[in-house]
Amino acid sequence: MKIFNISDYNIIEKSNKKRVAALGFFDGVHKAHQKIISEMVSEAREGYVPTVITLDRSPKEYFAKSKEESLTPLKKKSKIFEELGVEEVYYLEFNEQLQNLEAIEFIDKILKKLKVEKVFFGYDYKYGVKGSGTPEMILDSGIKVSIHEKEEIEHHKISTTTLKSFVINNDFVSYIKFSGRAYSIVGTVIKGKQLGRTINFPTANLDLTENYLLPKTNGVYLTKTMVGKKIYKSLTNIGYNPTVSGIKDKKSIETHILDFDEDIYGEEIEVYFYEFLRPEKKFDSFNRLKEQLQIDKDVCEKKIF
Ligand SMILES: Cc1cc2nc3c(=O)[nH]c(=O)nc-3n(C[C@H](O)[C@H](O)[C@H](O)COP(=O)(O)O)c2cc1C
Ligand SMILES: Nc1ncnc2c1ncn2[C@@H]1O[C@H](COP(=O)(O)OP(=O)(O)O)[C@@H](O)[C@H]1O
C-alpha cells in the first residue's frame, strides 16, 4: 500500500490511473467504516485503484490546537487500511489551506485530478469549507456516490464517539462488538525500575509510539500481547504504581507476558485489551503486591479469551 502525505493539494498531479475512493476520517475503523472501505475495495475493478482519501488529523484537533488522543493513530490506521485491501491512502494535512478549500475545489483539485470515478462515505461525512459540500455536488460533477446509512447495535450508534466512550469506561467487551477487533495500543519497550524481575513478575514498560486514547481508570487489564509475530496472554497495569512510587506525574503502562522469558527492550509490541480486572491499589508492602499479582495471574490463566 502506498501512502501519500499531502501538505498542499496543489501538488497532486493529474493521474492517468482511475480510482474508486472511500472518504472519511475513520478513527477506530469500526464495523461501519469497514463496510464502507470493503465495499469500495470490492468495487475496484481492473484498472481502478482502491483508495482512501482522509485527513492527517481531525478538524476538531486542528481547531482545538491541542493533540487529540485517537483510537487508531495514523500508523495503526494505515495498517488496518492495508489489511482491508486498500492500495493507496492520501492523508491530506488539515491546515489553513484545506480548512478554506471550497467544496467544488475539493472535487476539481482532488477527486477529479485523482480520476476518482466513485466515492463511498458515511451519512455524516463532511467536506469543503465549513462542511458546505453536498453529495449532489459530487454527483453533478459526474462522480458516482455511495452513502452508507447510520448503523446501530443494541440501540447504540456505531461511531467513533461510542467506541471512545467504551475505551474511557473500560468496556472492552463492547468495543470488540462494535469495532470487530480488540482495542490495541503499540509501544516500544523501555527500562523501568527493574523491580519486576525481583518478584518474578517482569513487566515490559511501554513508551507509546503514537497518541492513543487510554482508559480513565488506573488498573489491571486482561490483555494479549504481540511480540514479533507471536501472541501471548498478558496482564497489563495502567497507573502510577502507588506501592513503589509516590510520583503521579506520568502514568506507566506495563505488561507482564505469560509463559514468556525474553529480553525485549527496544522492541515494538502491541497490547490488545479484553477485560478490566481490578483497580490499581496501594499495598502495604511489595510482598503483598506480589501475592495479588499471583492471584491476577491465576485469573488470567484460567480465563478463556
Ligand atoms: C498485572 C499488574 C498489576 C499491578 N498492580 C499494581 C497495583 O495494584 N498497585 C501498584 O502499586 N502497582 C501495581 N503494578 C505495578 C508494579 O508496582 C510494578 O510492575 C513493579 O513495581 C515493577 O515495576 P518495574 O517494571 O518498573 O520494575 C502492577 C503491575 C502489573 C504487571
Ligand atoms: N514475561 C515477561 N513479561 C514482560 N517482560 C519480560 C518477561 N520476561 C522477560 N521480560 C523482559 O524483562 C523486562 C522487564 O523486567 P523488569 O524487572 O520489570 O524491568 P523494567 O523495570 O526495566 O521493566 C522487560 O522489558 C523484558 O525485556
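Which of the 22 residues around ligand 1 come nearest? In this predicted model, Lys193, Leu195, Thr203, Thr243 and Lys281 come nearest to ligand 1, where a residue is counted as near a molecule if one of its heavy atoms lies within 4 Å of it. Residues are numbered from 1 along each chain as its sequence is written, and chains are lettered from A and ligands numbered from 1 in the order of writing. Local features require pLDDT of at least 70, side-chain atom pairs count only at pLDDT 80 or more, and totals for chains, interfaces and linings use all residues, while side-chain values use heavy atoms, with hydrogens and water left out.

The protein chain has a mean pLDDT of 95, with 100% of its residues at 70 or more; pLDDT is the predictor's confidence in each residue, from 0 to 100. The model scores are ipTM 0.97 and pTM 0.95.

Polar contacts to the ligands were taken as pairs of N or O atoms within 3.5 Å. For ligand 1, an oxygen atom lies 2.8 Å from a backbone N or O atom of Lys193, and an oxygen atom lies 3.0 Å from a backbone N or O atom of Gly196. Arg278 contributes a polar side-chain atom, found 2.9 Å from an oxygen atom of ligand 1. Ligand 1 taken alone exposes 630 Å², of which the protein buries 98%; accessible areas come from the Shrake-Rupley method with a 1.4 Å probe.

Ligand 1 sits in the second largest pocket. A pocket is defined on a 1 Å grid over the protein atoms alone, as an open set of points where a 1.4 Å probe fits, with protein on both sides within 12 Å along at least five of seven lines; a molecule sits in it if more than half of its atoms lie within 2 Å of its grid points. Strand E12 (230–239) and helix H9 (286–302) each give two or more residues to the shell around ligand 1, and H9 supplies the largest share, 3 residues. Helices (H or I, at least four residues) and strands (E, at least two) are DSSP runs, numbered from the N terminus. By class, this shell has 9 nonpolar, 8 polar and 5 charged residues, with Gly counted as polar.

Ligand 2 is surrounded by 21 residues, the closest being Gly192, Gln194, Arg197, Ile257 and Tyr265. The side chain of Arg197 places an N or O atom 2.7 Å from an oxygen atom of ligand 2, and that of Asn205 places one 2.8 Å from an oxygen atom of the ligand. A nitrogen atom of ligand 2 is 3.4 Å from a backbone N or O atom of Pro202. Of the 560 Å² that ligand 2 exposes when taken alone, the protein buries 96%.

The space taken by ligand 2 is likewise the second largest pocket. Its shell receives two or more residues from each of strands E10 (204–208) and E13 (252–257), with the largest share, 3 residues, coming from E13. The shell around ligand 2 divides into 8 nonpolar, 7 polar and 6 charged residues.

Technical notes. A polar contact is a pair of N or O atoms within 3.5 Å; within protein, one must be able to donate a hydrogen and the other to accept it, and residues adjacent in sequence count only if both atoms are side-chain atoms. On a 1 Å grid over the protein atoms alone, a cavity is a set of points where a 1.4 Å probe fits but cannot get out, and a pocket is an open set with protein on both sides within 12 Å along at least five of seven lines; lining residues have an atom within 4 Å of a point.
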